[in-house]
Amino acid sequence: MNATPTVALPRPVRGVKVYSRQTVGACAPTYGRAELDFEPAPPSAASSIEFVCTVEPEPSPEYEESLAQGILRELAAAGIEEPAARCGPPVRARVIVRAMSWHWIDSCELTFARLGALAVREALACVLEDREPQLIETR
């Protein structure tokens, strides 16, 4: 069985910021915020995620895990069940999470998985378009 070849992220993309606002009056928890750096992975290394971040109001293993899953799924181009999922070859990258913010009531795991995927898409768009990251804001 042949695995799909991966390509290394060609250059660093630092300061990717993703933000999901809580929709006023909505019942669904949608708040989340993260700031990440993307670095090329060493030649023989798989994609990795490192949390060296400040987390408000406190660390949350559940939200960190959800963010990591969203990142890794999008880097692997494996989100085929999601219509907006990235198409293309899998990309290897070292991802450093610099900051996260969540809310006791207004956050959920799905929000952070989505933020992880959006962060990868923005980092890859920055490489493709040769630009600096822009704030990705969603509801």
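## Briefing: helices, strands and an aromatic cluster

Thr111 lies in helix α2. Helices (H or I, at least four residues) and strands (E, at least two) are DSSP runs, numbered from the N terminus. This is a predicted model, in which local features need pLDDT of at least 70 and side-chain atom pairs count only at pLDDT 80 or more, while totals for chains, interfaces and linings use all residues. Residues are numbered from 1 along each chain as its sequence is written, and side-chain values use heavy atoms, with hydrogens and water left out.

**Confidence**

- pLDDT is the predictor's confidence in each residue, from 0 to 100.
- The chain averages a pLDDT of 90, and 89% of the residues score at least 70.
- Confidence is highest in strand β2 (residues 13-20), at a mean of 98. Strand β1 (residues 7-8) is where it is lowest, at 90.
- Where pLDDT is low, the predicted coordinates should not be read in detail.

**Helix α2**

- The helix covers residues 109-129. Its 21 residues should span 30 Å at 1.5 Å a residue, and the end C-alpha atoms are 30 Å apart, which agrees. The expected span of a helix is 1.5 Å times one less than its number of residues.
- Thr111 has 9% relative accessibility, so Thr111 counts as buried. Buried means under 20% relative accessible area, exposed over 50%, partly exposed in between (1.4 Å probe, protein chains only).
- Thr111 touches Ser20, Pro29, Thr30, Tyr31 and Gly32, not counting residues up to four places away in sequence. Contact here means heavy atoms within 4.5 Å.
- Glu122 also lies in α2. Glu122 counts as buried because its relative accessibility is 5%.
- The contacts of Glu122 are Val16, Arg131, Glu132, Pro133, Gln134 and Ile136, again leaving out residues up to four places away in sequence.
- Just after α2, Asp130 takes a positive phi of about 50°.

**Helix α1**

- Helix α1 (residues 61-75) has 15 residues. From first C-alpha to last it reaches 21 Å, close to the 21 Å expected at 1.5 Å a residue.
- Its buried residues are Tyr63, Glu64, Ser66, Leu67, Ala68, Gly70, Ile71, Glu74 and Leu75.
- What covers these buried residues includes β3, β4 (48-56), β5 and α2.

- Strands β2 and β3 run antiparallel and are joined by six bridges. Two strands pair if DSSP finds at least two bridges between them.
- Val13 stands opposite Phe38 in β3.
- Strand β3 also runs antiparallel to strand β5 (residues 91-101), with eight bridges joining them. Here Ala34 stands opposite Met100 in β5.
- Glu39 lies in strand β3 (residues 32-40). Glu39 counts as buried, at 14% relative accessibility.
- Not counting residues up to four places away in sequence, Glu39 touches Leu9, Pro12, Arg14, Ala93, Arg94 and Ile96.
- One of these contacts, Arg14, is joined to Glu39 by a side-chain polar contact of 2.9 Å. A polar contact is a pair of N or O atoms within 3.5 Å; within protein, one must be able to donate a hydrogen and the other to accept it, and residues adjacent in sequence count only if both atoms are side-chain atoms.
- Glu39 and Ala123 are 84 residues apart in sequence, yet 9.8 Å apart in space, C-alpha to C-alpha.

**Aromatic cluster**

- Rings of Phe, Tyr and Trp (its six-membered ring) pair if their centres lie within 6.5 Å; planes under 30 degrees apart count as stacked, over 60 as edge-to-face and the rest as tilted.
- By this rule the count comes to four aromatic pairs.
- Tyr63 and Trp102 form an edge-to-face pair, 5.4 Å centre to centre with 65° between the planes.
- Tyr63 lies in helix α1 and Trp102 in the loop between β5 and α2, so the pair ties together parts that are 39 residues apart in sequence.
- Tyr63 is buried, with a relative accessible area of 10%. Trp102 is buried as well, at 8%.
- The rings of Tyr63 and Phe112 are stacked, because their centres are 5.0 Å apart and their planes at 20°.
- This pair links distant parts of the chain: Tyr63 in helix α1 and Phe112 in helix α2, 49 residues apart.
- Phe112 is buried, with a relative accessible area of 0%.
- Ring pairs link Tyr63, Trp102, Trp104 and Phe112 into a cluster.
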